[in-house]
Amino acid sequence: MGAGTASRYLPVIKKYHVAIINREDPVFYRIQKGDLVIIARGANWQKQVYFAGIASSDIYSFSKDGIEGDYTIDLTDFVDLQNGPDIPFNKQCSGGASRNPGAVYQLQGSNDGDSAVIHAVLSVIKQEKEKMLVENIKKVLEQSRNLILTGAPGTGKSFLAK
């Protein structure tokens, strides 16, 4: 994603929680529901990481906010990584030291560099989901103080109640 392309696509990606590519790419077509998708650009040692999420749809043609006919996948558990923790892309990741990485490439869980990236991003997603759960419970409690929390011992009921 070039700088001009990024400025055009990033607001749309953030608004609609989607992954978009503007040309056919065989790796993009291999993305399946449940796969982790990281939206970034640049070589691994200078990667700019923007967003991530879990693929939740088949590929379809997107047509909103001036983006027409591009290949798109919906993302759940969407997180903004632009101001978050450093995602450890480096030369040991897939694509290694390539100065011109493919538009889309697949991280390999068996590769230590890729595994560190996957773990870091999934950790951010987990933290964001936990924050959203607490916020949702907080909203429910603000609307009605008559709430009964149930669950197995050690699952955080007392913590949430406090």
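Contact here means heavy atoms within 4.5 Å. The model is predicted: local features need pLDDT of at least 70, side-chain atom pairs count only at pLDDT 80 or more, and totals for chains, interfaces and linings use all residues. Residues are numbered from 1 along each chain as its sequence is written, and side-chain values use heavy atoms, with hydrogens and water left out.

**View 1. N44 in the loop between β2 and β3.** Helices (H or I, at least four residues) and strands (E, at least two) are DSSP runs, numbered from the N terminus. Buried means under 20% relative accessible area, exposed over 50%, and partly exposed in between (1.4 Å probe, protein chains only). N44 has a relative accessible area of 3%, so N44 is buried. Setting aside neighbours within four places in sequence, N44 is in contact with F89, N90, K91, C93, S94, G95, G96 and Y105. A polar contact is a pair of N or O atoms within 3.5 Å; within protein, one must be able to donate a hydrogen and the other to accept it, and residues adjacent in sequence count only if both atoms are side-chain atoms. The N44 side chain reaches the backbone oxygen of S94 at 2.8 Å.

**View 2. K47 over the ring of F89.** A charge sits over a ring if NZ of Lys or CZ of Arg is within 6 Å of the ring centre and within 35 degrees of the ring normal. K47 lies over the face of F89, 5.1 Å from the ring centre.

**View 3. Helix α3, residues 112-143.** The expected span of a helix is 1.5 Å times one less than its number of residues. At the start of α3, a side-chain oxygen of N111 comes to within 2.7 Å of the backbone nitrogen of G113. Buried residues of α3 are G113, D114, V117, A120, V121, V124, I125 and I137. These buried residues pack against β2, β3, β5 and α4 (157-161).

**View 4. A120 in helix α3.** Not counting residues up to four places away in sequence, A120 touches I87 and P88. A120 and P88 are 32 residues apart in sequence, yet 7.6 Å apart in space, C-alpha to C-alpha.

**View 5. Nonpolar cores.** A nonpolar core is a set of buried Ala, Val, Leu, Ile, Met, Phe, Trp, Tyr and Cys residues joined through side-chain atoms within 4.5 Å. The largest has 23 residues; I13, I20, F28, V37, I39 and F51 touch the most other members. At least two residues each come from α1 (3-16), β1 (18-21), α2 (26-29), β2 (36-41), β3 (48-55) and β5 (67-80). Helix α1 gives the most, with five. A second, separate core has 14 residues, including V49, V79, A120 and I125.

**View 6. Aromatic pairs.** Rings of Phe, Tyr and Trp (its six-membered ring) pair if their centres lie within 6.5 Å; planes under 30 degrees apart count as stacked, over 60 as edge-to-face and the rest as tilted. This rule gives three aromatic pairs. Y16 and F62 have ring centres 5.6 Å apart and planes at 70°, so the pair is edge-to-face. Y16 lies in α1 and F62 in strand β4 (residues 60-64), so the pair ties together parts 46 residues apart in sequence. Y16 is partly exposed at 26% relative accessibility, whereas F62 is buried at 2%. Y29 and Y71 have ring centres 5.9 Å apart and planes at 65°, so this pair is edge-to-face. Y29 lies in α2 and Y71 in β5, so the pair ties together parts 42 residues apart in sequence.
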